[in-house]
Each structure stands twice: as C-alpha cells, then as structure tokens.
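Subject: Structure handover

Hello,

Here is the structure you asked for. My notes on it follow below.

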Amino acid sequence: MVLWARPGRDEDEQVLVRRLSRARKAPRDVVMRARMVELSWSGLRVPAIAVELGCSQKTVRCWLHCFNRLGLQGLEDLGGQGRKRRITEEERSRVISLVKAVPPGRLRWEPVGELWAFDESGPAEWTLDSLAAAARAEGIEVGRSQVRRILLAEGVRWRRTRSWMRSKDPDFVPKGRGSSASTPTRPTT
C-alpha cells in the first residue's frame, strides 16, 4: 500500500511545513520530519524519501502517519518516551526533607549541659550513603546515586561546611559566642 502525506488543511499549514523544512534554527528532528512531508507532497514514495533523508522506511511511514493524523503537531516529538520514574514526587520531596532533618548521630546539648545523640550509632553528618540508608529505612527504595541526582536537581546541599567550632571529640568544649564587630571598617581610599 502506498502511503502519502495528506494535503495541507489550508494554505497556512502548507506554508508552515515548507518553511519548517528549510528552517535553520528549528530542532533538527522536526526539520527532517517536515522535509518528509514536503517530499511526499512532491510525489516521492516512502522508499525514495528514506534514501533521500538517510533514514529507514519505517521512520518515514511513522512520521507520515503522525502528520496525517495530527497535522503540524504530529511533527513534534512524541510525549511519554523514555524510562518512567521509579519513585514518586512525594518520595522525592521526602528524600529532600531528610537533608533538613538533624542526623541521628549528631551531638546536641541537653538543657542540663550534657551532650547527647538521638542514636549514637547513627551518622553525625549527612553523606549520600547515610541519606540513602535513611530513605530506605522510611520505605523509599532509592540508591546513593539517585539521592545525589535528586539533590543536585533541586540545588540542595547535603554537606555542612566545616567549622573550627565543632569537633568529633566527645570531650571537646565548644567556643563561646563570637566576638562583636567592634572594630570599625577601614575607609576605602
């Protein structure tokens, strides 16, 4: 069976397809699909179009069918392609919220002045491994690399900056309040 691109619905659609087939700033795939339609309008059959554009006959048939069915929208990329997400948006936001929570092994001051940790065997600082383990403990099946991709995509920092006021030594006494800015700034010359 011979497949042809349907004629343009109106003069505007034909002009747009011809303009799109010669566009330099449009996506390459869309330009190639518009070229398929234009070559079909000029009388070439599917095998000749495939040879002309350097693609398979199956590809030409697929895009001619899409154009016949949807018009110009049929030349755009098909939605829903690619791998589906393994975790939901709610699970992603729960992974992100873990970073804001205090790690279970971090030492805190009790009101009576003693240091304590919620879970002494837990991590004192968040790392990608500890975040992935905490997410798995909450029932989210996620790996270290996926936690990293999620946090990078959202722009969330999971590392704390090192400070001279903190130490992993349990006998360490933290410094008091920082000094005030009592020294005036120098005037610029």
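Axes here are lines fitted to C-alpha atoms, for helices over the stretch in contact, and angles run from 0 to 180 degrees between N-to-C directions. Helices (H or I, at least four residues) and strands (E, at least two) are DSSP runs, numbered from the N terminus.

Ground rules next. This is a predicted model: local features need pLDDT of at least 70, side-chain atom pairs count only at pLDDT 80 or more, and totals for chains, interfaces and linings use all residues. Residues are numbered from 1 along each chain as its sequence is written, and side-chain values use heavy atoms, with hydrogens and water left out.

Confidence

pLDDT is the predictor's confidence in each residue, from 0 to 100. The chain average is 82. At least 70 is reached by 83% of the residues. Among the elements, helix H3 (residues 46-53) has the highest mean pLDDT, 94. Strand E2 (residues 115-116) has the lowest, 66. Where pLDDT is low, the predicted coordinates should not be read in detail.

Layout

The chain holds seven helices and two strands. Their order from the N terminus is α-α-α-α-α-β-β-α-α. Of its 189 residues, 30% count as buried (under 20% relative accessible area; exposed is over 50%, partly exposed in between; 1.4 Å probe, protein chains only). Contact means heavy atoms within 4.5 Å. Among contacts between residues at least 6 apart in sequence, 47% join residues at least 24 apart.

Helix packing

Two packed helices are described by the angle between their axes and the distance between the axes. For the angle classes, under 35 degrees is roughly parallel, over 145 roughly antiparallel, 65 to 115 roughly perpendicular, and the rest oblique. For residue classes, Ala, Val, Leu, Ile, Met, Phe, Trp, Tyr, Cys and Pro count as nonpolar, Asp, Glu, Lys and Arg as charged, and the others, Gly among them, as polar.

H2 with H4: the axes come within 10 Å and cross at roughly 85°. H2 is therefore roughly perpendicular to H4. On the H2 side, the contact uses Arg33, Met36, Val37, Ser40 and Trp41. These meet Thr59, Val60, Trp63, Leu64 and Phe67 of H4. By class, that contact has seven nonpolar, two polar and one charged residues.

H3 with H4 (residues 57-70): the axes come within 8 Å and cross at roughly 110°. So H3 and H4 are roughly perpendicular to each other. Val46, Pro47, Ile49 and Ala50 of H3 touch Gln57, Val60, Arg61 and Leu64 of H4. The classes are six nonpolar, one polar and one charged.

H6 (residues 128-137) with H7 (residues 144-154): the angle is about 100°, with the axes 8 Å apart. H6 is thus roughly perpendicular to H7. Leu128, Asp129, Leu131 and Ala132 of H6 contact Arg144, Val147, Arg148 and Leu151 of H7. This contact has five nonpolar, no polar and three charged residues.

Two residues to look at

Glutamate 38 is in helix H2 (residues 28-41). Is glutamate 38 buried or exposed? Glutamate 38 is buried, with a relative accessible area of 7%. Not counting residues up to four places away in sequence, glutamate 38 touches Arg18, Ser21 and Arg22.

Arginine 69 sits in helix H4. Arginine 69 counts as exposed, at 55% relative accessibility. Arginine 69 and arginine 6 are 63 residues apart in sequence. In space, arginine 69 and arginine 6 are 9.0 Å apart, C-alpha to C-alpha.

Best wishes
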